[in-house]
Amino acid sequence: MELAEIFYKKSDFIETTSGNKVCRRSIMCGSQNIVLQGKTIVMADCIVRGDLAAVKIGKNCVIGEKCVIRPPFKKFAKGVAFFPMQIGDHVFIEDECVINAATIGSYVHIGKNSVIGRRCIIMDCSYILPNTVIPPETVIPSYTVYGGSPSAFVEDFPETAKELMMDVTQSFYQNFRPIA
Amino acid sequence: MCPAINTGYQVTIAPGAYVCEERLQLVGEISIGSKTIIHPGASIIAEAGPIFIGDGNLIEEQCVIANRFPSGIDKDQMNQVVMIIGNNNVFEVGSLCEALKVGDNNILECKAQVGRSVTLTSGCVIGSMCSLTTNETLPENTVIFGSDHQRRTMPDRPAFQTHQLDFLARILPTSHYVLKHGTKSHTPAST
């Protein structure tokens, strides 16, 4: 089953040498602190707050429209700081999500309109259903499907999760074509 | 003669407040108290009357604070209604606040929605993705959470965000265009 081709206007997106495609309408605050490893697509109206702390996004990720990726806040003994945030490879984040997580592993699929709470840790190969609210400081184990508000374990994610996510993100990138 | 809908704005910013200019949408007459921090991408829409925002509030990205007339009402017949937001409130990412009176120390979590006829007193927490459109005054320290919108009362009000506000007050001006304090107005050219 092939993904549909999605066309975008060439002038709307910036394409970097490592193949990242970032929409011009997205807000990348503190872009010197934001690392996109390669072949990652950031769609329109996203807000990535690299000014608060470093944000590192892996390769072949897709970040949907209107997402907010924001490093979480932590109170240390000597003061406060925003915690650096890491997103793994082949992560598919659908539209309108709010990501406050500390770490998102690789091969993760986050459904539409989800809220990932502060300092959450999402392990590899998990699936967060759409409209989920994950409370702060939750750890989502690998190979699980979580959903609901507050989120709870729904079912197991099959062991083919890794190949599935690689297939989805790579074919999404190949089908994301520019028209002049 | 019907007055045209005014899409200009007039915002008064107290010293010590930091309002990020990026993707900020302002409509109408707005007053922002000191030590309030507004992240990029927020919208403050004072269509039906002025909005007064108190001190020490934290308004995060994609927030909408709107003073709008209820739909289906003839706008020319209505008087201006003032919307007052107190001190030390937190409006997390994507929240929507249309309540006319918001007290102090409330927290609207991510994607929470509060309708026009609700009055938030102090210390209330509206959980993520919860939507409150009833006609009521929430008692102090009420928490609304979960997809069932369960309620309980906290023994104490939520903690102040002074640490975060101080941190943001230090780093936001270095990486964003920030509106200077004072009064700034903008009237769009009429066509």
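This is a predicted model: local features need pLDDT of at least 70, side-chain atom pairs count only at pLDDT 80 or more; totals for chains, interfaces and linings use all residues.
**View 1. Overall contact between chain B and chain A.** The contact draws 29 residues from chain A and 23 residues from chain B. Together the two chains bury about 2,100 Å², with 61% of this area on carbon and sulfur atoms. On the side of chain B, the greatest losses of area to chain A fall on B:Arg23, B:Lys111 and B:Met129, which together account for 26% of what that side buries.

**View 2. Charged and polar pairing across the contact.** B:Arg23 forms a salt bridge with A:Asp45, in which the closest N and O atoms are 3.3 Å apart. Between chain B and chain A, 13 residue pairs are in polar contact, both residues being at pLDDT 80 or more. The side of chain B that touches chain A comprises 9 polar, 8 nonpolar and 6 charged residues.

**View 3. The largest pocket and its centre.** The largest pocket holds about 880 Å³ of space. Its lining consists of 41 residues, and those nearest the centre are A:Arg118 and A:Pro136 from chain A, with B:Ile107, B:Glu92 and B:Glu109 from chain B.

**View 4. Elements and residue classes in the lining of the largest pocket.** By class, the lining of the largest pocket contains 23 nonpolar, 10 polar and 8 charged residues.

How values were computed. Residues are numbered from 1 along each chain as its sequence is written. Chains are lettered from A and ligands numbered from 1 in the order in which they are written. Side-chain values use heavy atoms; hydrogens and water are left out. On a 1 Å grid over the protein atoms alone, a cavity is a set of points where a 1.4 Å probe fits but cannot get out, and a pocket is an open set with protein on both sides within 12 Å along at least five of seven lines; lining residues have an atom within 4 Å of a point. Grid points are joined across faces, edges and corners, and a volume is the space filled by probe spheres set on the points. Ala, Val, Leu, Ile, Met, Phe, Trp, Tyr, Cys and Pro count as nonpolar, Asp, Glu, Lys and Arg as charged, and the others, Gly among them, as polar. Contact means heavy atoms within 4.5 Å. Buried area is the accessible area (1.4 Å probe) that two parts lose on being put together, summed over both. A salt bridge is a side-chain nitrogen of Lys or Arg within 4 Å of a carboxyl oxygen of Asp or Glu. A polar contact is a pair of N or O atoms within 3.5 Å; within protein, one must be able to donate a hydrogen and the other to accept it, and residues adjacent in sequence count only if both atoms are side-chain atoms.
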